[in-house]
Amino acid sequence: MHMENYLFFDVDRTLLDSYDFSIPESALQAIHLAKLNGDHIWLCTGRAPYSLNHILNEDMEGVIFCGGAGILHHDELIYSVQIPKQTVLDTIALARKSRSGLLIQSRERGFQDPISAKRTAWIIEQKRQISAYAAQEAAVLLGGDDLSECSGEGIYKMDVYFEQNSDIDLFRRQIDPAMNFVCMLSSQGNRRNGGEITMPGIDKGKAVRWLTDYLRGDPGRTYGFGDSLNDLSMMQACRTGIAMRNSERELKELADYVTTDLHEDGIWNAMKHFGII
C-alpha cells in the first residue's frame, strides 16, 4: 500500500530557472508520477499568486504564497495573514528614506516605487536579450502597477531592494521590529541585496505545518525542496529537507540531502533517491 507523501517545492532556482524561466521536463515528469502515485504536490514560494498562473498545473493542489502569508487550495483561499495598511505606509516611507526599492504584493497584483520600477525595466531588458518569453515572465513576476494604487488592496508581502548595501543598516534599524524581515544576503559571491517583509510569525515552515495538519497529513512523510535561506524554515518543517546543488552554501550545510543542479535533473534525482517515484 502506497503511503501518501506531501511535497513542497520552492519555485525560483528550485523548480524554475530564474535565467530563462524554464522548468526542466524531468521535474515536471517526476511531479506527474508522484501525483499519479497519490502524493500531494504544493508550491511553497515567496511569489504572489498573480505570478504563478503558468507554473501551477493540474498535478499541483495549490500554493503556499508570499513566503507563507497565504495558502490557496486550488482556487480557495484557506489561510490568509495580511499586513495592516499603516504598516505598509510606514514601510513605504522608510524605503524612501533609505533610498530602497519596494515591491508590494497583493494576491492579484504587484506595486512598485520608482527605484524598483527602474530596476524592473533593466531586468526586463536583460531578459529580452534571452527571449520574448523571458521578458514577459519577468514583467509579470516583478509587477507593473504604481505604488500609489495599492491603498485598497490586501497586502501579503513586501520585497525591498537595496541599490547600495550601506542602505541595509538604516533599513534594518528603523523597520518595525515586530515585522518579519528576511534579508536575503549570503556569504557567497552572488549576494542578494534585498529582503522580504511579512507579518510577525509568518514563514514557509509555519505554513507547511499548518497545511499538513489541515490536510490531516503525516508530518513524517513531508519533503521540502529549496535553494535559498528563505526556504530554510520550510525544509526544517518537513521531515526531509532537500537542497538543490545550486543552493546557497549555508542552506546546503543545513539540508538533510543535497541533490544535483536544477538542470541536472535535481528534482527527479532527489525524488528517485527517496523512493517517491
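**Overall fold and aromatic pairs**

Of the contacts in the chain with a separation of 6 or more, 60% are between residues 24 or more positions apart. Keep in mind that this is a predicted model.

The chain has nine helices and 14 strands. Its radius of gyration is 18 Å, close to the 19 Å from the globule rule for 277 residues, so the chain is as compact as a globular protein of that length. The C-alpha trace spans about 60 × 40 × 35 Å along its principal axes.

Next, burial and surface. Of the 277 residues, 54% are buried. The accessible surface is about 12,400 Å², and carbon and sulfur atoms hold 49% of that. On charge, there are 28 positive and 39 negative, with their mean positions 5 Å apart.

Now the aromatics. How many aromatic pairs does a search of the whole structure find? The search gives eight. In one of them, F65 and Y156, the ring centres are 5.1 Å apart and the planes stand at 75°, so this pair is edge-to-face. The pair joins distant parts of the chain, since F65 sits in strand β3, residues 62-65, and Y156 in strand β9, residues 155-162, 91 residues apart. Both F65 and Y156 are buried.

F162 and F171 also make an edge-to-face pair, at 5.5 Å centre to centre and 75° between the planes. Are these two buried or exposed? F162 has 0% relative accessibility, so it counts as buried. F171 is buried too, with a relative accessible area of 0%.

Last item: Y79, W210 and Y214 form one aromatic cluster.

Terms used: Residues are numbered from 1 along each chain as its sequence is written. This is a predicted model: local features need pLDDT of at least 70, side-chain atom pairs count only at pLDDT 80 or more; totals for chains, interfaces and linings use all residues. Side-chain values use heavy atoms; hydrogens and water are left out. Helices (H or I, at least four residues) and strands (E, at least two) are DSSP runs, numbered from the N terminus. The radius of gyration is taken over C-alpha atoms; the globule rule is 2.2 Å times the number of residues to the power 0.38. Buried means under 20% relative accessible area, exposed over 50%, partly exposed in between (1.4 Å probe, protein chains only). Contact means heavy atoms within 4.5 Å. Accessible areas come from the Shrake-Rupley method with a 1.4 Å probe; for residues, only the protein chains shown count as cover. Lys and Arg count as positive and Asp and Glu as negative; His and the chain ends are not counted. The place of a charge is taken as NZ of Lys, CZ of Arg, CG of Asp or CD of Glu. Rings of Phe, Tyr and Trp (its six-membered ring) pair if their centres lie within 6.5 Å; planes under 30 degrees apart count as stacked, over 60 as edge-to-face and the rest as tilted.
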